[in-house]
Amino acid sequence: MAMDKIFGIPVSELMVGLLIALGCCLLTVAWVAWRRPVIFKLGVRNIPRRRAQTTLIVVGLMLSTLIISAALGTGDTLDYSLTKDVYENYGNVDTLVVQSQQVDAPYIDRTTKIDESALGVVEQALAGNKDVDGIMPLLSETVPAQNLTKQQAEPNVNVIGVDPSRLDRFGGLKATDGKTIDLGAVPANGVVLSEKAAEKLDAEVGDTVAIYFGDTPHQLTVAGIARDTYLSGYRRGREDYLEYPGLVMPLTALQELTGQSGKVSAIAVSGAGGVREGYTHGDAIKEALRPALTGSGLGVDVVKAKAVKDGERIASMFTDVFLILGLFSIMAGVLLIVLIFTMLAAERRSEMGMARAVGTQRKQLIQQFVAEGAGYALLAGVVGSALGVAASIGIANGMKLLFGQYVPIAPHVEPRSMVVAYCLGVFITFLTVVVASWRISRLNVVAAIRDISEASLARRKIKSLVLGVLLLAVGSLMTMAGLQDDKALLFFTGASLAPFGLALILRFC
């Protein structure tokens, strides 16, 4: 699972746009190589000739790519970890029909039971629906449990009853070794523990477990240990991400044990397409059920779709925060690029002056520096992307230490994100190189040949003041609009323009 949007922009569209932008940059360099081969060679020859200098320049230029790559990699990790946890928890349970006064059921405490006849209503409404793979009634209760064999107790355990004959339509009940547990073959006094419940109760197959319902103990024998899923009774809180151990037994057995014959907690619906695709049919299933459920006291909760959206929202929020913080560092990186090329120009000032004296034009100097800068940018992009992946893995491991008890964090980086990071880093570097090259080319030929400072008179330009006021005003308005509308990209753009405007005003003063 990968992030779908960055600052509200679809990642796929952003990747295509950046690939086109990078292609335009490369075509510009290719045009220089084709039309001005001597100028191109004069530019790129400095890359292999001065290895120490090249290494320092690449390290300096890779900053923006590294920051973007690390931010996107961290976003991928969070998105993958949070949604993976949802898929593993809910399995094929995509939608629940529960007690509710409205069809669009909000997430509330499902303590009120519904009549088992609701199963017939749901089956009739969804008969022949291609979006549905399975329908199954569920009954769940939260009770204290104790392992009488090991004298280990747990105050809150979720006991769930499911219909063994319908369990296959939901992927079955899997043991910790991957084998399928036949719940229908479990003895009348048998129960299957979730992995978390077995850990909490220190239980093994064959142990005797007592559950207390209405202050009455009921002794059960552990017939198996299943993976932690919704159908094994295991729950992970949608908001607090706390874990709740579970037990599972046949529906009729739990109804008899709790004295709730003919009652269920919910009707589970599995969408077509498996674990990762079934939830996408949630809205279609809800609309198919709406006519039958309106006014019946039943509603539809698209539980998995909500959980997946929550995971994606949290991942997107963290990614936006990292990018916003990182973009301010990228601004510093842009200034570093300008300083690097200014340093290169100062080192080659006499050489550039003699080249201009023998007829080299300003645009040819620009082309020479652009060719050299493009080489540095491409190398820096590769190094920055690789180090960004390493940084995102390090951040993921750090988050695992901090939040691993709530969410299983697993490092994960999508190739698509690295393409975006590489293209964006190279594109930013290339544009900065072009601007820096244009400024470098404006030199005094005589002063450059003699390697003396250029005499210049500071002049106040009214257009600088006008531009500064305009940038400050527009930047301030965009910043305030971004804060009010909660649009991170608008806020950052405004926060970037305003300082430049203020700098121009101060320079005029």
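A: Helix 1 passes helix 13 in a left-handed crossing, a label used when the near helix is turned anticlockwise from the far one by less than a right angle, whereas clockwise would be right-handed. The model is predicted, so local features need pLDDT of at least 70 and side-chain atom pairs count only at pLDDT 80 or more, while totals for chains, interfaces and linings use all residues. Residues are numbered from 1 along each chain as its sequence is written, and side-chain values use heavy atoms, with hydrogens and water left out.

Helices (H or I, at least four residues) and strands (E, at least two) are DSSP runs numbered from the N terminus.

Contact means heavy atoms within 4.5 Å. Among the residues making it are L14, L18 and L22 of helix 1, and V419, L424 and F427 of helix 13. By class, this contact has 17 nonpolar, 2 polar and 1 charged residues. Here Ala, Val, Leu, Ile, Met, Phe, Trp, Tyr, Cys and Pro count as nonpolar, Asp, Glu, Lys and Arg as charged, and the others, Gly among them, as polar.

A salt bridge requires a side-chain nitrogen of Lys or Arg within 4 Å of a carboxyl oxygen of Asp or Glu, and the count comes to 11. One of them joins K113 and E141 at 3.0 Å, N to O. K113 lies in the loop between strand 3 (95–99) and strand 4 (114–115) and E141 in strand 5 (residues 132–147), so the pair ties together parts 28 residues apart in sequence. Buried means under 20% relative accessible area, exposed over 50%, and partly exposed in between (1.4 Å probe, protein chains only). K113 is buried at 18%, and E141 is buried at 15%.

K196 and E199 also form a salt bridge, at 3.5 Å, N to O. Both lie in helix 7 (residues 195–201), 3 residues apart, about one turn of the helix. K196 is buried at 12%, whereas E199 is exposed at 56%. Finally, salt bridges that share partners join D104, K286, E287 and R290 into one network.
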